[in-house]
Amino acid sequence: MQCQDKDTRLSGHTHLYDKSSSIRFPNMYTYKEWEWLTFLACIIVIKNRRQTNFLSYISTACMFGKALNFLLFLKQGPIYGLCFAIPCLLHLIFCPEPAYAGPENLTYFRGSHLPDEIERDKRISWVIAFYAAWSPACISFAPIFAEVSSEYSLPNLKFGKLDGSRYPDIAKKYNIDTSTWSKQLPAVILFQEGKEKSRLPILDAKNKVVKYNFQKENFIRDIGLNDAFHQCKKTCPKEKKPKENDPKNSTADKDLDSKKKD
């Protein structure tokens with residue numbers, strides 16, 4: 001009797017066993033579903049290895065989590081899959097992730113136009129960001145760079161961007177690696193008088209990239225943007241103000257016009 005009672009108590013907590021191992025899986029998940037969950041965890045770790053902040057990490061994890069949930073619901077039935085997918089699509093359309101939508105003052109370069117422009121007028125200082133569309137770090141840095149460009153731009157202090165994945169030869173000219181496993185993107189270089197003044201991230205003595213967190217305050221301080229801004233402001237060409245009409249000349253012109261009419 002005691003054995004039967006023990007079996008009945010354990011009947012609600014049965015487990016599945018993998019034939020090739022001694023791992024126990026709760027009855028609520030099948031072995032295939034555990035494989036999917038493990039695969040999801042691996043994808044989240046790989047995709048988040050370059051994230052710059054915790055919010056980006058959570059956003060990526062939620063995105064792949066929703067994709068796996070959709071597959072699990074779809075496995076139970078097409079109706080369950082649709083009931084889950086429709087709210088997710090509505091949330092994506094009507095409640096998108098907030099992004100910087102303010103003004104920017106950027107020049108987008110293509111190919112050899114960048115070195116030509118830097119050499120064309122050495123009185124102009126340039127802050128150039130090298131990026132790749134597939135890089136999460138570049139995507140996170142884009143609104144920061146756009147905001148800084150609108151705040152610090154001058155006639156002789158300009159900001160530009162170049163897609164290093166599309167023009168790797170130009171990026172290589174400035175010692176920037178644009179390969180898929182590169183840790184050097186985004187890369188920002190400050191050019192003054194046609195020469196490199198500073199860059200982020202920096203390279204150590206062994207020519208290895210030093211990890212850098214691109215936040216607005218850190219970027220402005222470490223690239224030396226405040227100093228460059230004050231230097232350029234001192235030498236900035238003054239805008240010519242329109243000449244105001246002299247009241248004496250205007251009255252004389254009126255007298256001439258009246259005489260001509262007479």
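Please keep in mind that the model is predicted.

I will start with the sheet. Five strands form it, in the order β3-β5-β4-β6-β7, and the sheet is open, with mixed pairing. The edges are β3, residues 106–109, and β7, residues 195–200; each has a single partner strand, so one side of each has no neighbour in the sheet. Direction ignored, neighbouring strands are turned by 25 degrees against each other on average.

Next, the partners of β6. On one side is β4, residues 125–131, which runs antiparallel to β6, residues 187–192, and is joined to it by five bridges. Two pairs you can look up are Phe130 with Ala187 and Val127 with Leu190. A helix also packs on the sheet: α5, residues 113–120, touches β3, β4, β5 and β6, and its direction makes about 165 degrees with that of β4.

Strand β7 also pairs with β6, again in the antiparallel sense and over five bridges. Here Leu190 stands opposite Ser198, and Gln192 has Lys195 as its bridge partner. The two strands make a hairpin with two residues between them, where Glu193 takes a positive phi near 55 degrees.

Now, is β6 buried or exposed? Six of its six residues are buried, so the strand is largely enclosed by the rest of the structure. In a regular strand, side chains alternate between the two faces of the sheet. In β6, Ala187, Ile189 and Phe191 point one way, while Val188, Leu190 and Gln192 point the other way.

Methods
Residues numbered from 1 in each chain as written. Predicted model: local features only at pLDDT ≥ 70, side-chain atom pairs only at ≥ 80, totals over all residues. Heavy atoms only, no water. Pairing = 2+ DSSP bridges. Helix = DSSP H or I, 4+ residues; strand = E, 2+ residues; numbered from the N terminus. Axes fitted to C-alpha atoms, helices over the stretch in contact; angles between N-to-C directions. Contact = heavy atoms within 4.5 Å. Buried < 20%, exposed > 50% of the residue type's maximum accessible area, 1.4 Å probe, protein only.
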